[in-house]
Every structure is written in structure tokens, then in C-alpha cells.
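Trainee: I have a structure that is new to me, and I would like to learn how to read it feature by feature. Could you take me through it?

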Amino acid sequence: MIDWFPDRKGLASGLVIGGFGSGALFFAPTMTYLMSKFSQVPTYIGQTAELMTEGGKQFANHCGPWEEVVYASASELAKLPFTGLTEGYYLVGTGSTGLGLAYTTIGMTYTA
């Protein structure tokens with residue numbers, strides 16, 4: 001960029017830095033929107049469950065087979081990007097913040 005403006009190096013540097021800053025101006029709201037569209041709330045199974053512990057993991061008898069669960073307290077749920085979650089047991093691997101699909105969508109848009 002500096003080669004394009006040999007007598008105005010400050011202008012060239014300012015344009016480059018401004019380009020990086022304005023990229024975040026458009027990227028952040030787009031990512032927030034896409035993440036809200038692709039996010040999935042984890043499966044809630046209740047505040048009490050029939051549990052079995054094996055190898056440091058908790059398993060609950062949910063609809064037949066034993067599935068891995070995690071207990072989420074109210075303070076832990078407050079850190080998540082979801083609203084309206086209740087304190088209790090959730091199935092492991094059922095929720096998603098949508099970050100991966102949002103990045104994939106942005107990447108596909110850039111390559112198109």
C-alpha cells in the first residue's frame with residue numbers, strides 16, 4: 001500500500017488501519033445474527049435424575065439408554081448465550097452456540 005502512495009505514507013498507513021477496524025464493524029453484528037440463527041439449546045432432562053457415575057462421568061437413564069449428562073447451576077447457565085435455561089441436568093453434546101455454522105456461512109460467503 002505504501003508503494004501506491006510514496007509521497008503520502010501516513011495516508012497509506014491510515015487506510016490500512018481503517019480497513020482492519022471497519023472489518024470488525026461489519027463482522028461482529030453479522031456473526032451475532034448468524035449465531036442466534038444457528039444456536040441450539042441443550043436438551044434439559046430435569047432437576048433430578050437416576051444417575052450412574054463411571055470414570056468421572058455422570059450418566060442418566062433417559063428414555064431407555066444411559067446417556068452422559070452434566071449438572072448446570074444457575075451461575076454456570078448465566079455465562080451461556082441462551083436465555084430461559086433452568087438449573088438441572090442437561091444431555092452432553094445436544095446444544096450448540098452456532099459458532100461453527102456461523103463461521104462456515106461467512107467463509108462460504110467470502111469464497112462465493
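This is a predicted model: local features need pLDDT of at least 70, side-chain atom pairs count only at pLDDT 80 or more; totals for chains, interfaces and linings use all residues.

Mentor: Let us begin with a term we shall need throughout: helices and strands are DSSP runs, numbered from the N terminus.

Trainee: How many helices and strands does the chain have, and in what order do the elements run?

Mentor: The chain has three helices and five strands, and, read from the N terminus on, the elements follow the order α-β-β-β-β-α-β-α. The radius of gyration of the chain is 23 Å, whereas the globule rule gives 13 Å for 112 residues, so the chain is more spread out than a compact globule. The C-alpha trace spans about 75 × 30 × 30 Å along its principal axes.

Trainee: What share of the residues counts as buried, and what does the chain expose?

Mentor: Buried means under 20% relative accessible area, while exposed means over 50%. By that cut-off, 18% of the 112 residues of the chain count as buried. The chain exposes about 8,000 Å², of which carbon and sulfur atoms supply 61%. As for charge, there are 5 positive and 8 negative side chains, and the centres of the two sets lie 18 Å apart.

Trainee: What can contacts tell me about residues that lie apart in sequence?

Mentor: Contact means heavy atoms within 4.5 Å. Among contacts in this chain between residues at least 6 apart in sequence, 50% join residues at least 24 apart.

Trainee: Is tyrosine 89 buried or exposed, and which residues does it touch?

Mentor: Tyrosine 89 has a relative accessible area of 12%, so it is buried. Not counting residues up to four places away in sequence, tyrosine 89 touches a list of residues that includes Thr43, Tyr44, Ile45, Gln58, Val69, Val70 and Tyr71.

Trainee: Where are alanine 102 and tyrosine 103 found, and how do I read their accessibility?

Mentor: Alanine 102 is found in helix α3, and tyrosine 103 is found in helix α3 as well. Alanine 102 is buried, with a relative accessible area of 0%, whereas tyrosine 103 counts as partly exposed because its relative accessibility is 45%. Leaving out residues up to four places away in sequence, alanine 102 touches Met31, Leu34, Met35 and Phe38, and tyrosine 103 touches Phe27 and Met31. Separation from glutamate 76 can be read for each of them: alanine 102 is 26 residues from it in sequence and 24 Å in space, C-alpha to C-alpha, while tyrosine 103 is 27 residues and 25 Å from glutamate 76.

Trainee: Where is the place of threonine 97, and which residues is it in contact with?

Mentor: Threonine 97 lies in the loop between β5 (88-91) and α3 (99-111), and its relative accessible area of 34% makes it partly exposed. Setting aside its neighbours within four places in sequence, threonine 97 is in contact with Met35, Ser39, Pro81 and Phe82. The side chain of threonine 97 also reaches the backbone nitrogen of leucine 99 at 3.5 Å. Between threonine 97 and threonine 32 there are 65 residues of separation in sequence and 10 Å in space, C-alpha to C-alpha.

Trainee: What is the phi of cysteine 63, and is the residue buried or exposed?

Mentor: Most residues other than glycine have a negative phi. Phi of cysteine 63, however, is near 55°, a positive value in a residue other than glycine. Cysteine 63 sits in the loop between β3 (57-61) and β4 (66-72), and it counts as exposed because its relative accessibility is 70%.

Conventions: Residues are numbered from 1 along each chain as its sequence is written. Side-chain values use heavy atoms; hydrogens and water are left out. Helices (H or I, at least four residues) and strands (E, at least two) are DSSP runs, numbered from the N terminus. The radius of gyration is taken over C-alpha atoms; the globule rule is 2.2 Å times the number of residues to the power 0.38. Buried means under 20% relative accessible area, exposed over 50%, partly exposed in between (1.4 Å probe, protein chains only). Accessible areas come from the Shrake-Rupley method with a 1.4 Å probe; for residues, only the protein chains shown count as cover. Lys and Arg count as positive and Asp and Glu as negative; His and the chain ends are not counted. The place of a charge is taken as NZ of Lys, CZ of Arg, CG of Asp or CD of Glu. A polar contact is a pair of N or O atoms within 3.5 Å; within protein, one must be able to donate a hydrogen and the other to accept it, and residues adjacent in sequence count only if both atoms are side-chain atoms.
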